[in-house]
Amino acid sequence: MPDTAKPSTHARRLDRLPPYLFVEIDRAKRALLDEGVDLIDLGIGDPDLPTFPEIVEALRVACADPSTHRYPPQRGTPGLRRAIAEWFEPRYGISLDPDSEVLVLIGTKEGLGHLPLAVLDPGRSALVPDPGYPVYQAASWLAGGEVVHVPLEAKLGFRPDLEGLPRSTFETADLLFLNYPNNPTGAAADPDLFQLAANLAHEHGFLFVNDAAYAEVLFGGPRVSMLQAGGAKDVGIEFHSLSKTFNMTGWRVGFAVGNPEILNALAQVKSNVDSGVFVAIERAAQAALALPEERVQEQVDVYRRRRDILVDGLWSAGWQVPRPHATFYVWAKVPTEEGSQEFSSRVLKEAHVVMTPGAGFGPSGEGYVRMALTAGADRLAEAVDRIAKIL
Ligand code: PLP
């Protein structure tokens, strides 16, 4: 019988995708939970704190208003787009045109996932940080593009050595993904890196994006946007999310800002595959962006305290983990001779603590694990005690 007799149940392009890292971990975790084990989950970066009550109240009011029940405007409501521009300007000193330079997304993952379909031609390449959020690579492959891993090394502060890349790398590149503040390494944004990326993008004719999903989880230092770099708005867009800042991961709302043509291209893809964000959620997002800054700062202080409990505790246990400058992740070298998968599996089995093996973030993540500060202070202290016993 010819191979074609039985249709394949999936397209070949799916074969390029590794199993989504968090799905694998979830499976092992669920098995232990089914046995009734008391797990401390420092795996997925999903805030354990509730959405701010003012946002919940804004949604309650908005969803009782029937005018929110119809299809939303494709690029986001004018009210939310204006609110985004008003939130952005005092933070970064960049003024945005709400009509052409702001696009509302169903979370940044959605926008990042669709971007390569809009700007990456088949056979051309996307430069993706390694280790990095797996969506950049998967979305590039799904769009028929190639992926070039750009290593982030500790000795360079987890910034890519763009100047050290062979020039031929840029000749085939359509797109460079950056992600600062960085998941998984906890590195903060660096204006010099953004300027270099903007210069290279101009010189070689590629586009660049910064995924700023963790922009507000900063333990000091200035807020930095890629759009502050000279010429960046000609060649790039930046992604922002309400998920981590306001504990809204389940709500699905984020936005992209910057170059109007790139946003148009992304909006064109989106208009063919989705119908935007529920208007009531967009109104709630407006309420989120209008919250006083101190409210978000109080939450950052919660993460700071958690970070210090985990980092100081693990140092006392003999594991010298670095203290992140931003994000709610601790990115640490595996303290034993084990690989990252082996070590995190053992920690899960013996200490009942979930951490994410670095290899899941790309080849350069091997030898590291990531711990998310998404458990309360007591649980983190307990995690330290448990880990200390098995090191
Ligand atoms: N970007 C990075 C770097 C992330 O770590 C995540 C979520 O973990 C996202 C984007 C997704 O954010 P959103 O909830 O806005 O889709």
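Me: How far is a polar side-chain atom of Ser241 from an oxygen atom of the ligand?

Reply: This is a predicted model, where local features need pLDDT of at least 70, side-chain atom pairs count only at pLDDT 80 or more, and totals for chains, interfaces and linings use all residues. Residues are numbered from 1 along each chain as its sequence is written, and side-chain values use heavy atoms, without hydrogens and water. For Ser241 the distance from a polar side-chain atom to a ligand oxygen is 2.6 Å.

Me: Which residue has a polar side-chain atom 2.7 Å from an oxygen atom of the ligand?

Reply: Asn183 places a polar side-chain atom 2.8 Å from a ligand oxygen. The residue at 2.7 Å is Lys244.

Me: How much of the ligand's accessible area does the protein cover?

Reply: Accessible area is taken by the Shrake-Rupley method with a 1.4 Å probe. On its own the ligand has 400 Å², and the protein covers 92%.

Me: How many charged residues are in the shell around the ligand?

Reply: Asp, Glu, Lys and Arg count as charged. The shell has 4 nonpolar and 6 polar residues, and the number of charged ones is 4.

Me: How far apart are the C-alpha centres of domain 1 and domain 2?

Reply: Domain bounds come from an automatic or database assignment, which gives domain 1 as 9-50 + 294-388 and domain 2 as 53-289. Their C-alpha centres are separated by 24 Å.

Technical notes
A polar contact is a pair of N or O atoms within 3.5 Å; within protein, one must be able to donate a hydrogen and the other to accept it, and residues adjacent in sequence count only if both atoms are side-chain atoms.
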